[in-house]
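Here is a friendly walk through one protein model, taken a piece at a time. Have the structure open beside you as you read.

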Amino acid sequence: METNLTINGTQQHLDLDPRTTLLDALRHHLGLTGSKKGCDHGQCGACTVMVNGRRINACLTLACMHDGDEVTTIEGIGQPGNLSPLQEAFVSEDGFQCGYCTPGQICSATAMLEEISNGWPSHVTDDLDGKAKLTPEEISERMSGNLCRCSAYPNIVEAIRKAAGETA
């Protein structure tokens, strides 16, 4: 099945089995191995990418379902020597240990900060009429779909707050 995607700003024309997940298309057909296959059930978030600016688990969606969509992977957020502010904060705050979950964490956090900027509340947001405060509880709730088996959560939270310009 022909599928046309814009991936990290580049048009990609793929001829794939219609059962190919977006994650497998990225990793195996396009060589974008930053997104990881963790659980393959949408429970760990290692495969998180952004589709049309919204975060999704790439292991749970078929590539053909996104024909015409814009996909951003970790490779589209930043590269060595040209890191995004969030990637730089993950480095400076030691927001990773083994690094396996880090691409999904960064993609999710990038989209999460945009959600907050757009005024989207979470389950723990106190003021539904104002901008959510980036408290550790707010970040933890919003990032709950991304697991870190090394338990670098406190540093991930601090990295997100630093990138957003918040203080501890």
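## A salt bridge to start with

Let's begin with Asp24 and Lys37, whose side chains meet in a salt bridge, 3.1 Å from N to O. The pair ties together distant parts of the chain: Asp24 sits in helix 1, while Lys37 sits in the loop between helix 1 and strand 3 (48-51), 13 residues apart. Lys37 counts as partly exposed, at 32% relative accessibility. Salt bridges with shared partners also join Asp24, Lys37 and Asp40 into one network.

Some ground rules before going on. This is a predicted model, where local features need pLDDT of at least 70 and side-chain atom pairs count only at pLDDT 80 or more, while totals for chains, interfaces and linings use all residues. Residues are numbered from 1 along each chain as its sequence is written, and side-chain values use heavy atoms, with hydrogens and water left out.

## More salt bridges

A salt bridge here is a side-chain nitrogen of Lys or Arg within 4 Å of a carboxyl oxygen of Asp or Glu. The count comes to 7 salt bridges by this rule. One of them joins Asp17 and Arg19, with the closest N and O atoms 2.6 Å apart. As for cover, buried means under 20% relative accessible area, exposed means over 50%, and partly exposed is in between (1.4 Å probe, protein chains only). Asp17 is partly exposed at 35%, whereas Arg19 is exposed at 67%.

Another bridge brings together the side chains of Arg161 and Glu158, at 3.8 Å from N to O. These two are 3 residues apart in helix 6, so about one helical turn separates them. Arg161 counts as buried at 10% relative accessibility, but Glu158 is partly exposed at 26%.

## Around Ala25

Back in helix 1 (residues 22-29) you'll find Ala25. Helices (H or I, at least four residues) and strands (E, at least two) are DSSP runs, numbered from the N terminus. Is Ala25 buried or exposed? Ala25 is buried, with a relative accessible area of 1%.

Leaving out residues up to four places away in sequence, Ala25 touches Leu14, Leu16, Thr20, Leu30 and Ala63. Touching, or contact, means heavy atoms within 4.5 Å.

## Helix 6 and the cores

Helix 6 covers residues 153-163, and its buried residues are Ile156, Val157, Ala159, Ile160 and Arg161. They pack against helix 3 (85-92), helix 4 (102-117) and helix 5 (136-142). After helix 6 comes Gly165, with a positive phi near 85°.

Now for the cores: a nonpolar core is a set of buried Ala, Val, Leu, Ile, Met, Phe, Trp, Tyr and Cys residues joined through side-chain atoms within 4.5 Å. Which members of the largest one, with 23 residues, touch the most other members? Those are Phe90 and Ile160. Helix 2 (74-77), helix 3, helix 4 and helix 6 each supply at least two residues of this core, and helix 4 gives the largest share, 6 residues. Apart from it lies another core, of 16 residues, including Leu14, Leu22, Leu26 and Ala58.

## Phe96 and its neighbours

Phe96 lies in the loop between helix 3 and helix 4. Phe96 is partly exposed, with a relative accessible area of 30%. Among the residues that Phe90 touches are Phe96, Ile156 and Ile160, again not counting residues up to four places away in sequence.
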